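Biologist: I would like to learn how to read a structure like this one. Where do we begin?

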Amino acid sequence: MATQAPDDHAAGAPGQAACGTLPGQVVFVLQGGGALGAYQAGVYEALHEAQIEPEWVIGTSIGAINGAIIAGNPPEQRIERLKHFWDQVAYHGSATAGWLPFLDAWLRNVSIMTRGIPAFFAPRPSALLGLHEPDGMWPAALYSTQPLRETLLSLIDFAYLNNQQTRLTVGAVSVGSGRMRYFTNRDAPLDVDHIMASAAFPPGFPSVRLEGETWWDGGIYSNTPLEAVLDDHPRRDSVIFAVQLWPAHGPEPKSVWQAMSRQRDIQYSSRAESHLERQKQIHRLRHVIRELEHYIPAEQRDAAEVRELLGWGCGTTMQVIELDAPRLTGDDLHKDIDFSAGGIQRRWKAGYENTVRMLEKAPWREPPDPMEGIAVYRSDPEADPTAR
């Protein structure tokens, strides 16, 4: 892994990778998206094969689950544990032997919604008896996530995780205040409840109590947790692999069903592009402040008020590698609950192949504009043959 002195002005020591050196710490940013998260596992497999291991993983919802499995295991065990998780949550079987895929998909979705996924969640029939009635000691939710708790405890070594071999940050939103919070093992030990809280998507999944408050899935507030690294302090040169599960761009819908699906894409892509544009402006200003220091007479630079102002400047660069999941044949409004074994396999493969293509380009080899703090490189998901 790459190492670097914790100083905003330090140039990061390069990480060692089969495809070349990386200029700074390696960060893995993972959106939420249910079954779409298999794409993230494929991305990680390609990075792992290229000997690129993240120093910092940031995730929300399914991104927090994948991230915790990665950060909570030694590198040599991560792929095996990710495969075990996705094998456990995969839905096997076909009612029509594949002859009627639309009917198969409908029956699969009905089965998942009514019967749950054994390693993930189970329905609570009592919740349907009175949606407006308090449900005794149970949290307000349609499903129990006790199966997920047991699955995570079997796959994540929390002692290893909290030794901070890899930094992990998971996002959750307070049910009471509506504020977003990023829990990180750099500041305090994490346990299974932190991962469960980040994946507690309402009203399906129950909230989780931490530090006297109840918390929900951070994806309902900000599904693209890029700000956690871009606002971090002290800032460090970083190569950020941002894995996008929901397409921000898409065709105009031709039906109500397509309109509902497109609305979810826009909602959960979570304004990632506008966040990046704002952060690019902020980082450019930091670089401008750094440059202004050279125009201040030496005898004035040491004044306390001048040093304080100059402290807003920095010279770090953030190179964001966007890996966008492709649209797959059959994707619709319920694609995030497509836990079919075939769907998981196709998304994993798409993540792997898209990442291999990006690693071949290695865009971080080109030095960014010295006045720009953030450079963004986007993949072309539609070039993936699995998107057909």
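**Rings, strands and helices**

Modeller: At 1% relative accessibility, Trp86 counts as buried, because buried means under 20% relative accessible area. Keep in mind that this is a predicted model.

Biologist: What is the relative accessible area of Phe85?

Modeller: Phe85 has a relative accessible area of 0%, so this residue is buried as well.

Biologist: How do I read an aromatic pair?

Modeller: A pair of aromatic rings is described by two things, the distance of the centres and the angle of the planes. The structure holds 14 aromatic pairs. One of them is formed by Phe85 and Trp86, with 5.3 Å centre to centre and 85 degrees between the planes. That pair is edge-to-face, because planes over 60 degrees apart count as such.

Biologist: How many degrees lie between the planes of Trp246 and Tyr268?

Modeller: There are 45 degrees between those planes, and the pair of Trp246 and Tyr268 is tilted, at 5.2 Å centre to centre. This pair links distant parts of the chain, 22 residues apart: Trp246 is in the loop between β9 and α10, while Tyr268 is in helix α10.

Biologist: Are Trp246 and Tyr268 buried or exposed?

Modeller: Trp246 and Tyr268 are both buried.

Biologist: Which residues form one aromatic cluster?

Modeller: The cluster is formed by Phe85, Trp86, Phe120, Phe121, Tyr143, Phe205 and Phe339.

Biologist: Which residue lies over the face of Trp56?

Modeller: Arg167 lies there, at 3.6 Å from the ring centre of Trp56.

Biologist: Let us turn to strands. How many residues of β9 are buried?

Modeller: Strand β9 covers residues 238-244, and seven of its seven residues are buried. Look at which way the residues point: Ser238, Ile240, Ala242 and Gln244 go one way, Val239, Phe241 and Val243 go the other way, and all are buried.

Biologist: In which sense do β1 and β9 pair?

Modeller: Strand β1, residues 25-30, pairs with β9 in the parallel sense over six bridges. To follow the pairing on the model, find Val26, whose bridge partner in β9 is Val239.

Biologist: What does β9 do with β10?

Modeller: Strand β10 spans residues 318-324 and pairs with β9 in the parallel sense, over seven bridges. Ser238 stands opposite Met318 in β10, and the bridge partner of Val239 in β10 is Gln319.

Biologist: Which faces of β10 are covered?

Modeller: Both faces of β10 are covered: Met318, Val320, Glu322 and Asp324 lie on one side, Gln319, Ile321 and Leu323 on the other, and all are buried. β10 also pairs in the parallel sense with strand β11, residues 374-378, over five bridges. There, Glu322 stands opposite Arg378 in β11.

Biologist: And how do I read two packed helices?

Modeller: Two packed helices are described by the angle between their axes and the distance between the axes. Helix α1 (residues 38-49) and helix α3 (residues 75-89) pack at an angle of about 160 degrees, with their axes 11 Å apart. That makes α1 roughly antiparallel to α3, because angles over 145 degrees count as roughly antiparallel. The crossing in which α1 passes α3 is left-handed.

Notes:
Residues are numbered from 1 along each chain as its sequence is written. This is a predicted model: local features need pLDDT of at least 70, side-chain atom pairs count only at pLDDT 80 or more; totals for chains, interfaces and linings use all residues. Side-chain values use heavy atoms; hydrogens and water are left out. Buried means under 20% relative accessible area, exposed over 50%, partly exposed in between (1.4 Å probe, protein chains only). Helices (H or I, at least four residues) and strands (E, at least two) are DSSP runs, numbered from the N terminus. Two strands pair if DSSP finds at least two bridges between them. Rings of Phe, Tyr and Trp (its six-membered ring) pair if their centres lie within 6.5 Å; planes under 30 degrees apart count as stacked, over 60 as edge-to-face and the rest as tilted. A charge sits over a ring if NZ of Lys or CZ of Arg is within 6 Å of the ring centre and within 35 degrees of the ring normal. Axes are lines fitted to C-alpha atoms, for helices over the stretch in contact, and angles run from 0 to 180 degrees between N-to-C directions. Angles under 35 degrees count as roughly parallel, over 145 as roughly antiparallel, 65 to 115 as roughly perpendicular and the rest as oblique. A crossing is left-handed if the near helix is turned anticlockwise from the far one by less than a right angle, and right-handed if clockwise.
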